[in-house]
Amino acid sequence: MKKAEATRQTILQKGFDLIYTKGYQTTSIEDILSTTQVTKGAFYYHFRNKEEMGLAIINELMKPTLQTSFVDLQKEENPLKGIYNLMKHLLLENDFLKVEYGCPASNFTQEMTPWNTHFSKALNEIIQTWIQVMTDALNSGIEKGFVSKETNTKQVTIFVISGYWGIRNLGRLEDNTTVYTTYLNGLNNYLHSLV
């Protein structure tokens, strides 16, 4: 990796870490510069402003991380098992996501979408991809006999994703993964009802 690429990646990763822990609006470019020890000139070489960096964080860090999880779901023959394993991984096994800070996509959505259409569009692309992948997996599960033919796959998908966002926020409030286990047990029972 060339030095310029390494510098950009450092800015993105440290910027993500700060925004994830402090929030986008309370994180300044100066905070990022002091954490990365990158010069102001180097920052502005890669990004015109903080908004451009924030969009790059969504597109270059968050999307690929979630898409890796989506690939695992697509590989699973039984989508009900795959959905459960995906949620378990995101809640209990993923080092990228921390209980005390919630879900970065949800945090960005709550903080930024009311006033920034660029952030809204980028975050919506993540969610729409997630909805499509999960709905497709469930539709495939119906064809293979793992999921009941009466299942409304989009409805199930929306329910599961909204439950995930909610439990991430509850975990954040309690700063404890115990609520994740409770959610996963309920999710497991729900998914079994779809057979």
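This is a predicted model: local features need pLDDT of at least 70, side-chain atom pairs count only at pLDDT 80 or more; totals for chains, interfaces and linings use all residues.
Local features need pLDDT of at least 70, side-chain atom pairs count only at pLDDT 80 or more, and totals for linings use all residues.

The largest nonpolar core contains 61 residues. Such a core is a set of buried Ala, Val, Leu, Ile, Met, Phe, Trp, Tyr and Cys residues joined through side-chain atoms within 4.5 Å, where buried means under 20% relative accessible area with a 1.4 Å probe, protein chains only. Of the helices (DSSP runs of H or I, at least four residues), α7 gives the most to this core, with 12 residues. The core also draws at least three residues from each of domain 1 (1–47) and domain 2 (51–192), bounds that come from an automatic or database domain assignment. M87, F108, W130, M134 and Y164 have the most contacts inside the core.

Two cavities of 30 Å³ or more are counted. A cavity is a set of points, on a 1 Å grid over the protein atoms alone, where a 1.4 Å probe fits but cannot get out; lining residues have an atom within 4 Å of a point. A volume is the space filled by probe spheres set on the points.

The largest cavity has a volume of about 90 Å³. W130 and Y164 are among its lining residues, and α4 supplies the largest share of the lining, three residues.

The second largest cavity holds about 50 Å³. Its lining includes F16, F108 and E111, and α6 gives the largest share, four residues. Because domain 1 and domain 2 both give residues to this lining, the second largest cavity lies between them.

Terms used:
Residues are numbered from 1 along each chain as its sequence is written. Side-chain values use heavy atoms; hydrogens and water are left out. Buried means under 20% relative accessible area, exposed over 50%, partly exposed in between (1.4 Å probe, protein chains only). Helices (H or I, at least four residues) and strands (E, at least two) are DSSP runs, numbered from the N terminus. On a 1 Å grid over the protein atoms alone, a cavity is a set of points where a 1.4 Å probe fits but cannot get out, and a pocket is an open set with protein on both sides within 12 Å along at least five of seven lines; lining residues have an atom within 4 Å of a point.
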